[in-house]
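My notes follow the order in which I checked things.

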Amino acid sequence: MTSINEQPIPAARPVIGEDEIEAAVRVLRSGRVVQGPEVAAFEEGFSRLVDGRHCVAVNSGTSALQLLLLALGIGPGDEVIVPSFSFAASANAVRLTGADVVFADIEPGSFGLDPAAVEAAVTPRTAAIMPVHLYGHPAAMDKLMPIAEKHRLAVVEDACQAHAAALNGTPVGAFGAGGTFSFYPTKNMHALEGGMVTTADAGLARTLRLLRNQGMEQRYANEIVGANMRMTDVSAAIGRVQLAKVEEWTEQRRANAAYLDAHITAPAVTAPPVAEGARHVYHQYTVRIRGDRDAAMARLTEAGVGNAVYYPTPIHRLKPYWEPDQKAGRIWELPQTEKAAAEVVSLPVHPSLTRNDLERIVAAVNSLGENL
């Protein structure tokens, strides 16, 4: 039980400090608040996280995914292979283009797409693979990229939870045709709200800029059908402040995770594995709990340790996907996905944790023992 003098430890804690507030006020006073110099500067700065790729800022991570798919020409008649163990936005972005979602199972360790399952899911209609770098751990890009090349498929990276993650020295967002990032407040860095698309293709980057701005590069000279998915300069200014801090925060997250790895000993709890060559940035520190997960979470909450399940229902079982797929006779066999959804619990790992917080988390988890 939480001591009367101890506050509960939140599962996540967005950072909004004086630097972020001053940046927002500065932009508001300037009068240039939409798609101005702050956005351009944020795009240029973010490029350094993705090996110098072109960066196109938009209003959310979901918009980033949708616009990238549209810019690649993906639409009705196409299929995109997506993990079901992810936030619904991964699949929603595909559906919003008119393409069909094909779900593939995950690896038990990284929670990312299983390359063998992806290979088995490819059909003549497959246009793209969407690896999700879930919880900040890179997907198996070293195995997924050869599959994409073999079948001439686009790779659309959902890196919305993985700012500064890497595999074998290559940052996520720099593998495929394009990558996408989110700047939602609970992410490893944020802009209050926003997203970014990254690509090595200058022509694709220009198409993305047209799509986010009603199809215009010059005012009222619409070249294609587009939408309003622009990032504001207020968001970009906050994002620039956060960008300057994200490496320090990332190292703190990794240090916090290392402490938890070293001290959590409860037999019923399995710490998150890290693949060889992977730089895990721990958007979430996600363990597996064998036994009664609900009871374990209730005990953690009673001890003042925030916790959450990401994600309790796989996407293929959500109503917008389950009902149409059942009517069409599509039955997805995803045993690792189902197992993960039944076992995972995310614990606090954010950079605001103190040593006392970490000790409290360890004590609460270890008190679970093995009889759940």
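I started with F85, which is buried at a relative accessible area of 1% (buried is under 20%, exposed over 50%, partly exposed in between, with a 1.4 Å probe and protein chains only). F111 is buried too, at 4%.

A note on what I'm reading: this is a predicted model, where local features need pLDDT of at least 70, side-chain atom pairs count only at pLDDT 80 or more, and totals for chains, interfaces and linings use all residues. Residues are numbered from 1 along each chain as its sequence is written, and side-chain values use heavy atoms, with hydrogens and water left out.

Next I looked up ring pairs (Phe, Tyr or Trp, its six-membered ring, with centres within 6.5 Å; planes under 30 degrees apart are stacked, over 60 edge-to-face, the rest tilted). I got twelve aromatic pairs. F85 and F111 make a tilted one, 5.9 Å centre to centre with 40 degrees between the planes. They are 26 residues apart: F85 is in the loop between strand 2 and helix 4, F111 in the loop between strand 3 and helix 5 (helices are DSSP runs of H or I, at least four residues; strands of E, at least two; numbered from the N terminus). I also found F42, F46, F181 and F183 linked into a cluster by ring pairs.

Then I turned to strand 12, residues 285-289, and found five of its five residues buried. Y285, V287 and I289 point one way, T286 and R288 the other.

Last, its partners (pairing takes at least two DSSP bridges). Strand 12 runs antiparallel to strand 13 over four bridges, with Y285 bridged to L347.
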